[in-house]
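Reader: I am new to this structure and would like to go through it step by step. Could you take my questions one at a time?

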Amino acid sequence: MAHEKTRYKAVIANQTYTIIGRETKHHMDIVTKLINEQLAELKQLSPQMDNEQAAILMAVNALSDQLKKQERILELEEETAELKKKMIKFTELENRVKRMEAIENEAREVLKENGQADYTIKNHVEAQQILNEKRKGQIKQKSSN
């Protein structure tokens with residue numbers, strides 16, 4: 001959630017910085033804490049490193065991590081788009097199957113009405129043919145009346 005710009009006083013490596021931004025105080029407290037922890041860790045690993053060198057190394061690491069995360073986000077967005085396409089196809093297929101089942105059920109009802117309830121419909125095409133024959137009969141009946 002975007003907030004109005006605020007001023008934040010951050011103490012990093014015993015120096016105070018005024019940061020102006022839209023983030024919450026809580027967010028900036030966490031950022032400041034992480035920066036100080038990482039600086040301390042770098043200084044412990046390489047005591048000869050000064051604050052500027054450590055800050056540059058942290059910036060390089062941060063940008064590297066950011067790029068990796070952006071690449072991962074792009075990959076996930078592509079995967080999401082592919083999954084959406086597959087879901088649409090799946091839904092279309094599911095709807096087709098439901099329509100076919102409805103046609104087959106309707107054909108079974110026609111067979112039942114004609115006293116052929118024990119007849120087994122072999123496939124969707126046969127079910128459609130049964131319905132077509134019924135409709136032809138209805139049309140003939142209407143035209144003869």
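Author: Before anything is counted, a definition is needed: helices, of at least four residues, and strands, of at least two, are DSSP runs numbered from the N terminus. Please also keep in mind that this is a predicted model.

Reader: In what order do the elements of the protein chain run from the N terminus on?

Author: The protein chain has three helices and two strands. Read from the N terminus on, these elements come in the order β-β-α-α-α.

Reader: Is the protein chain a compact globule or more spread out than one, and what is its radius of gyration?

Author: Along its principal axes, the C-alpha trace of the protein chain spans about 100 × 35 × 20 Å. For 145 residues the globule rule gives 15 Å, and the protein chain is well over that value, so it is more spread out than a compact globule, with a radius of gyration of 35 Å.

Reader: What share of the 145 residues of the protein chain counts as buried?

Author: A residue is called buried when its relative accessible area is under 20%. The protein chain exposes about 12300 Å², of which carbon and sulfur atoms supply 55%. Of its 145 residues, the share that counts as buried is 14%.

Reader: Which helix do the buried residues of H3 pack against?

Author: The buried residues of H3, which comprises residues 124-144, are Glu126, Ala127, Ile130 and Leu131. They cover an arc of only 145 degrees around the axis, which puts them on the same side of H3. On the other side of H3, Val125, Ile139, Lys140, Ser143 and Ser144 are exposed. The helix that the buried residues pack against is H2 (51-113).

Reader: Which residue caps the N-terminal end of H3?

Author: Helix H3 has 21 residues and reaches 30 Å from its first C-alpha to its last, close to the 30 Å expected at 1.5 Å a residue. At its N-terminal end, a side-chain oxygen lies 3.1 Å from the backbone nitrogen of Val125, and the capping residue that supplies this oxygen is Asn123.

Definitions and conventions
Residues numbered from 1 in each chain as written. Predicted model: local features only at pLDDT ≥ 70, side-chain atom pairs only at ≥ 80, totals over all residues. Heavy atoms only, no water. Expected span 1.5 Å × (residues − 1). Buried < 20%, exposed > 50% of the residue type's maximum accessible area, 1.4 Å probe, protein only. Arc of directions from axis to C-beta. Contact = heavy atoms within 4.5 Å. Polar contact = N/O pair within 3.5 Å; in protein donor to acceptor, adjacent residues only side chain to side chain. Rg over C-alpha atoms; globule rule 2.2 N^0.38 Å. Areas by Shrake-Rupley, 256 points an atom, 1.4 Å probe, with all protein chains shown as cover.
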